[in-house]
Amino acid sequence: GRVVALVPAAGQGTRLGEGMPKAFVELRGRTLLQRAVAGLLDSGVVDEVVVIVPADRVGEVRADLPGGVSVVAGGAERTDSVRAGIAAAPDADLLLVHDAARALTPPALIARVVAELRAGREAVVPALPVTDTVKTVDLLGVVVATPERSELRAVQTPQGFDADLLRRAYAGSEEIATDDAGLVERVGATVRTIAGEPLAFKITTPLDLALARALTDPDTN
Ligand code: CTP
Ligand code: MG
C-alpha cells in the first residue's frame with residue numbers, strides 16, 4: 001500500500017508570535033517545515049509527501065523542498081488545509097497527517113505508526129499520559145468537572161489512517177476538529193493509541209520554541 005504523508009503547515013502561528021507563519025520559523029538554520037519533511041523522509045516508510053502551506057508561499061516552498069515533495073495551498077482552518085492535502089493524494093492507500101509544528105518528531109515514531117497500519121489498524125494516534133490535572137470549565141471559568149486523569153491522553157502526530165476511512169471522515173463533515181482522529185471517531189471507526197514521544201511535542205508557544213532551540217543547540221547537545 002502506498003503511504004502518503006500530509007503535512008499541514010498553513011497556520012499563522014499566532015500563539016508563537018514570531019510575526020510569520022510558524023512553519024517558516026527557523027531552528028538552527030532549518031525551518032520547522034524542512035525539519036518535519038526530513039523526519040518523514042528519514043523514517044523510510046513514507047512514499048510521498050504533500051505539504052500544505054499558505055497560498056502566498058506555494059511557489060517559494062516548491063523551489064525549496066526536495067523534488068518529489070508536492071506543495072498545495074491550505075485554508076483558514078487546519079481542517080481546510082488537511083482537506084486540501086487529502087485531495088492532492090488520490091492514490092494513497094494509507095495516509096499520515098503530521099503537523100509541521102512537530103518538527104523534532106523522531107523518525108522511529110513515524111515508522112511505528114505505519115507498522116500499526118500495516119498490521120491492520122484503521123486509525124492510529126501517538127499518545128502520552130497527561131501530567132497536569134485537567135478540568136472542564138464553564139464560560140465563567142467555574143469548574144464543572146474533573147475527568148479522571150489516568151484515563152486522559154494528550155495526542156500527537158503523525159496520525160495514521162486507512163486512506164478511504166480518512167476520506168470518508170472528511171467527506172461526511174463540514175465540522176472543525178482539532179485533530180484528524182476526532183473526525184474519524186465521528187464516523188464510528190476504532191482509533192487506537194500507541195505510545196507517543198516527548199520529542200513529538202508541538203511547537204506552539206514561545207516556551208516551546210525555546211525548548212526546541214535548546215534541543216537543537218550543538219553546544220548543549
Ligand atoms: N495548520 C494548517 N492550516 C491552518 C491552521 C493550522 O495547516 N489553517 C497547521 C499548522 O501550520 C501546524 C498544525 O496545523 O503545523 C497545528 O496547528 P497549530 O499548532 O494550531 O498552528 P497554527 O494554527 O499555525 O498556530 P496558532 O493556532 O497559534 O495560530
Ligand atoms: Mg492553530
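1. Let's start at Gln159, where the side chain reaches the backbone nitrogen of Asp180 at 3.4 Å. That side chain also has a polar contact of 3.0 Å with the side chain of Asp179. (A polar contact is a pair of N or O atoms within 3.5 Å; inside the protein, one atom must be able to donate a hydrogen and the other to accept it, and residues adjacent in sequence count only if both atoms are side-chain atoms.) Gln159 is part of strand E11, and at 1% relative accessibility it counts as buried. (Buried means under 20% relative accessible area, exposed means over 50%, and partly exposed is in between, with a 1.4 Å probe and protein chains only.)

2. A quick word on what you're looking at: this is a predicted model, in which local features need pLDDT of at least 70 and side-chain atom pairs count only at pLDDT 80 or more, while totals for chains, interfaces and linings use all residues. Residues are numbered from 1 along each chain as its sequence is written, chains are lettered from A and ligands numbered from 1 in the order in which they are written, and side-chain values use heavy atoms, with hydrogens and water left out.

3. Now step back to Pro158, which is in the loop between strand E10 (153-155) and strand E11 (159-162). (Strands, marked E, are DSSP runs of at least two residues, and helices, marked H or I, are runs of at least four; both are numbered from the N terminus.)

4. Arg28 has another backbone feature to look at: a positive phi of about 45°, although it is not a glycine. You'll find Arg28 in the loop between strand E2 (26-27) and strand E3 (30-31).

5. Next, the loop between strand E6 (94-97) and H4, where Arg102 is found. Thr105 lies in that loop too. The backbone oxygen of Arg102 is 2.7 Å from a polar atom of the Thr105 side chain. Arg102 counts as buried at 8% relative accessibility, and Thr105 is buried at 6%. As for distances, Arg102 and Ala84 are 18 residues apart in sequence and 20 Å apart in space, C-alpha to C-alpha.

6. Helix H4 itself covers residues 107-118, and Val113 sits in it. Val113 is buried, with a relative accessible area of 0%. Between Val113 and Ala195 there are 82 residues of separation in sequence, and their C-alpha atoms are 9.7 Å apart in space.

7. How many residues surround ligand 1? There are 18, and the closest are Thr14, Arg15, Lys22, Ser81 and Lys202. (Here a residue needs a heavy atom within 4 Å of the molecule.) The shell divides into 6 nonpolar, 6 polar and 6 charged residues. (Ala, Val, Leu, Ile, Met, Phe, Trp, Tyr, Cys and Pro count as nonpolar, Asp, Glu, Lys and Arg as charged, and the others, Gly among them, as polar.)

8. Last, the backbone atoms around ligand 1. A backbone N or O atom of Gly75 lies 2.9 Å from a nitrogen atom of the ligand. A polar backbone atom of Glu77 is 3.4 Å from a nitrogen atom of ligand 1, and a polar backbone atom of Arg78 is also 3.4 Å from a nitrogen atom of ligand 1. Taken alone, ligand 1 exposes 560 Å², and the protein buries 87% of that. (These areas come from the Shrake-Rupley method with a 1.4 Å probe; for residues, only the protein chains shown count as cover.)
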